[in-house]
Amino acid sequence: MADTVDGAVVEGVPGKVYRRVVLAYVGLVIAHALVLASDSDARMFISYVIVCLVQWLTIGALIGCRNQSAFPNSFRWLLLAVALGFVNISNLLDLSQLIGGNYTPVPGASLFCDAIYVVMVVLSCATTFRRSTLRITTLIDVLMGAALAYLFFVRIFSVVGIEGSTNPDDISFIVCMFDVLGVYMTLIAGVRLLGSESVPRRH
C-alpha cells in the first residue's frame, strides 16, 4: 500500500504524516544550524540534544514504515531501526560524558555502538530473499557482516581503548575510517537501489 506525495511514492505512509515528518526535520535542521552558529557555552550540549531528537524522529518513522510493510521490506526497516538505535545509544553516551566533564573526541564505547550500526546497515542492504538462493546467500551475507564487524572492532580498538583517546593522530584515523565506511555504505545502498525490482523495495 502506498500514497503519492508530490509525485513520490511513500510506502504505507499517509501523505499528511509524511509532510509533518518532513517539516519536523526541516525545523530541527534550522535549529541545529542556529545553535552551531551561536557562541553559547551550551552549544555542544544543545547540539547533542537536537541530534537525539532527529534520531528519535527517524527511529519512529522507520518503525512506522516497518509496521506498514510486508516481508522482506519490513525486515529491512527493522534492521535500519535497530541500527539507528545503536547510533542513538552512541550519542547518549557522548552526551553523558559531556555532562560528566570527561568528554573525549573518540570514545571507545560509542565507537562500539557505531560499529554495530554499520553491520546492521550492511545486512539490510546485502541480504537477499530469493527463494532459490535464500539459504546460501543469507549465510554469505551474515558471514560478511560478521567479518566486517570483526575487522572493524579489531582495527578500532587497536587504536583506542574503551575509554577513548585524545591523541590527534588517533582522532584523524578514526575520522578517515568512518569516512571510508560512509562511502562504502553509500555504494552498497546504491547497488541495492539499482537491484530492487519494485518501488516499495527501492524505498
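The model is predicted. The protein chain has seven helices and two strands. Buried residues make up 35% of its 203 residues.

**Overall layout**

- From the N terminus on, the order of elements is β-β-α-α-α-α-α-α-α.
- Take the contacts between residues at least 6 apart in sequence: 65% of them join residues at least 24 apart.
- The protein chain exposes about 11900 Å². Carbon and sulfur atoms supply 68% of that area.

**Nonpolar cores**

- In soluble globular proteins, nonpolar side chains tend to be buried together.
- The largest nonpolar core here holds 23 residues. Leu-111, Val-118, Met-120, Phe-152 and Ile-156 have the most contacts inside it.
- Helix 4 supplies the largest share of the core, ten residues.
- Leu-111 touches Val-106, Phe-152, Ile-156, Val-160, Ile-174 and Phe-178, leaving aside residues up to four places away in sequence.

**Ser-110, a buried polar residue**

- Ser-110 sits in helix 4.
- Ser-110 counts as buried because its relative accessible area is 3%, and the cut-off for buried is under 20%.
- The side chains of Ser-110 and Asp-94 are joined by a polar contact of 2.5 Å.
- A polar atom of the Ser-110 side chain also lies 3.3 Å from the backbone oxygen of Ser-90.
- Not counting residues up to four places away in sequence, Ser-110 touches Ser-90, Leu-93 and Asp-94.

**Nonpolar surface patch**

- Phe-45, Ile-46, Val-49, Leu-53, Trp-56, Leu-92 and Ile-99 form a nonpolar patch on the surface. Together they have about 600 Å² of accessible area.
- Helix 2 (43-67) and helix 3 each give two or more residues to the patch. Helix 2 gives the most, with five residues.
- Leu-92 belongs to helix 3.
- Leu-92 has 35% relative accessibility, so it counts as partly exposed. Partly exposed covers the range between under 20% for buried and over 50% for exposed.
- Patch residues need over 30% relative accessible area, and Leu-92 has 35%.

How values were computed:
Residues numbered from 1 in each chain as written. Predicted model: local features only at pLDDT ≥ 70, side-chain atom pairs only at ≥ 80, totals over all residues. Heavy atoms only, no water. Core = buried A, V, L, I, M, F, W, Y, C linked by side-chain atoms within 4.5 Å. Buried < 20%, exposed > 50% of the residue type's maximum accessible area, 1.4 Å probe, protein only. Helix = DSSP H or I, 4+ residues; strand = E, 2+ residues; numbered from the N terminus. Contact = heavy atoms within 4.5 Å. Areas by Shrake-Rupley, 256 points an atom, 1.4 Å probe, with all protein chains shown as cover. Polar contact = N/O pair within 3.5 Å; in protein donor to acceptor, adjacent residues only side chain to side chain. Patch = residues over 30% accessible without salt bridge, like charges linked within 9 Å, V, L, I, M, F, W, Y side chains within 5 Å. Salt bridge = Lys/Arg side-chain N within 4 Å of Asp/Glu carboxyl O.
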